[in-house]
Amino acid sequence: MADSQDNDRVLARALAARPTARQLAWQRLEYIAFAHFGINTFTDREWGDGAEDPALFNPTEFDADQWVGACCDAGIKLLILTAKHHDGFCLWPSAHTEHSLKNSPWRDGRGDVVAEVSAACARAGLKFGIYCSPWDRHECSYGDSPAYNAFFRAQLGELLSNYGPIAEVWFDGACGEGPNGKRQEYDWDSYYALVRQLQPEAAIAICGPDVRWVGNESGLARDDEWSVVSGPRGQGERGVDFLEVDNGANDLGSRDNLAENEVTFWYPAECDVSIRPGWFYHASQDLQVKSLDHLLDIYYRSVGRNSVLLLNVPPDQRGLFHENDVARLKELRAALDATFDQDVARTAQGGDAAVDGAWDTYWSAGSDVDELALDLGAEKTVDRLLLQEAIEEGQRVERFVLEGWHDGQWKEIVRGGCIGYKRLERFSRVVVRRVRLRIEASRAPVRLRRIGLFCAP
Ligand code: FUL
């Protein structure tokens with residue numbers, strides 16, 4: 001850091017970065033699902049090459065309500081369907097290609113998976129999102145950039161116009177050569193404009209301005225996962241600054257990192273991971289559904305690290321979520337509820353608006369007060385800490401420590417870095433009546449929406 005004036009400039013820029021209403025609504029979903037379903041489900045592959053016969057698509061017991069029911073029981077808030085994967089096969093009867101379920105035997109070619117899943121979501125109050133791969137290995141105009149861009153927008157237009165509200169549009173960045181030997185140049189700005197026009201509330205994720213990819217497919221965020229990130233000014237290829245973030249970097253938002261880069265903006269992370277090794281269903285992976293412990297670890301390191309967890313559950317050849325996956329989703333929900341249903345800080349003295357359970361109130365640290373002390377009323381056993389900042393006021397905390405009063409002095413229980421929308425910490429059980437949260441470093445006076453203390457069974 002060059003001098004204190006530079007530091008002030010960096011902090012002012014960091015504090016000015018705020019979520020849009022769209023980003024805030026998306027962040028509050030916390031836990032969402034992916035369903036990878038399509039021609040690959042029937043060929044037992046992960047990536048199709050586009051030469052697959054549409055006649056292969058023929059689920060025997062397709063039931064969108066079963067998918068949606070499993071999601072709702074699991075506490076999932078949004079379901080994203082792969083309407084078109086890289087193979088180009090469309091799960092809706094697109095007017096712009098023959099490569100879709102209209103040429104499959106399923107429902108005599110009159111079926112529409114996108115319609116059925118969106119309707120099931122609407123019935124259950126689950127939000128609905130679409131994945132539509134720009135990379136299309138079937139479409140012959142792919143590689144002829146202007147022609148394919150028009151084709152892609154036409155398909156996107158169908159998805160965004162005919163299937164009710166879309167809460168998230170997931171754009172994969174994969175990009176290959178077309179049959180003409182040329183690399184397709186995606187016209188991202190025109191795709192974004194169409195989404196904004198037809199579904200203004202939809203968050204555009206991954207290759208998009210609202211939500212960034214965390215950088216791995218293991219469901220794990222960085223230990224300090226900032227929503228306020230920085231990067232070099234965009235080079236123009238995609239015309240927008242936010243896409244220049246280096247997903248592979250360890251540090252996207254520290255003070256030093258912000259000082260090194262030209263632009264600072266609000267760009268929160270999404271952690272995608274599959275409940276099985278593959279994104280698509282393979283019967284050979286029925287016994288490789290991730291364990292409860294593994295999924296819990298993912299939850300703490302995604303939702304608990306200021307990110308949204310996007311968990312993929314691939315429907316099988318019947319067109320159903322497999323029994324093993326459904327059972328594991330239930331176990332995860334039960335384990336989370338058993339821990340987080342009982343917040344011993346809720347009745348604490350001294351917690352002010354950070355323990356009142358209300359969304360729109362928060363505790364504000366005075367500029368000279370950087371600690372919040374709680375009296376739990378009696379000795380309590382705890383091993384989990386939950387912290388939330390009022391992120392509509394920006395992301396401020398850089399480092400905190402939770403301490404407990406033992407034998408006449410404060411002793412450290414757990415410490416951590418940035419908080420943001422939510423941070424969860426696991427630590428060994430302690431029995432304690434008085435605790436205090438000390439903010440060791442922040443970019444501005446802290447706005448703490450919530451502090452919670454729990455004990456995992
Ligand atoms: C990747 C794709 O290539 C995978 O098949 C999968 O859809 C994953 C979520 O994104 O980039």
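The lining of the largest pocket divides into 13 nonpolar, three polar and 10 charged residues. Here Ala, Val, Leu, Ile, Met, Phe, Trp, Tyr, Cys and Pro count as nonpolar, Asp, Glu, Lys and Arg as charged, and the others, Gly among them, as polar.

Some ground rules. This is a predicted model, with residues numbered from 1 along each chain as its sequence is written, and local features need pLDDT of at least 70. Side-chain atom pairs count only at pLDDT 80 or more, totals for chains, interfaces and linings use all residues, and side-chain values use heavy atoms, with hydrogens and water left out.

Back to that pocket. A pocket, on a 1 Å grid over the protein atoms alone, is an open set of points with protein on both sides within 12 Å along at least five of seven lines. A cavity is a set of points where a 1.4 Å probe fits but cannot get out, and lining residues have an atom within 4 Å of a point. Volume is the space filled by probe spheres set on the points, which are joined across faces, edges and corners.

The largest pocket has a volume of about 540 Å³. Its lining counts 26 residues, and E30, Q388, Y421, K422 and R450 lie nearest the centre. Which element gives the most to this lining? Helix 10, with four residues. Helix 10 (323-340), strand 12 (371-389) and strand 16 (447-454) each supply at least two. Helices (H or I, at least four residues) and strands (E, at least two) are DSSP runs, numbered from the N terminus.

Now follow strand 12. Strand 12 pairs with strand 15 (residues 423-442) in the antiparallel sense, over 12 bridges. Two strands pair if DSSP finds at least two bridges between them. L387 has R423 of strand 15 as its bridge partner. Strand 15 also pairs with strand 13 (residues 397-406), antiparallel again, over seven bridges. There, E403 stands opposite R436 of strand 15.

Next, the ligand. The residues around it are F34, H36, W47, H85, H86, Y131, W170, D172, E217, D272 and W279. To be near, a residue needs a heavy atom within 4 Å. That shell has five nonpolar, three polar and three charged residues.

Which distances separate polar side-chain atoms from ligand oxygen atoms? For H85, 2.9 Å. For H86, 2.8 Å. For D172, 2.5 Å. The ligand taken alone exposes 290 Å², and the protein buries 89% of that. Those areas come from the Shrake-Rupley method with a 1.4 Å probe.

How many cavities of 30 Å³ or more does the structure hold? One. About 40 Å³ of space lies in the largest cavity. Its lining divides into six nonpolar, three polar and two charged residues. Strand 2 (residues 78-84) supplies the largest share, three residues.

Last, the sheet around strand 2. Eight strands form an open sheet, in the order 5-4-3-2-1-10-9-6, with parallel pairing. The edge strands, strand 5 (203-206) and strand 6 (212-213), each pair on one side only. Strand 2 runs parallel to strand 3 (residues 127-132), joined by six bridges.

Key: Polar contact = N/O pair within 3.5 Å; in protein donor to acceptor, adjacent residues only side chain to side chain.
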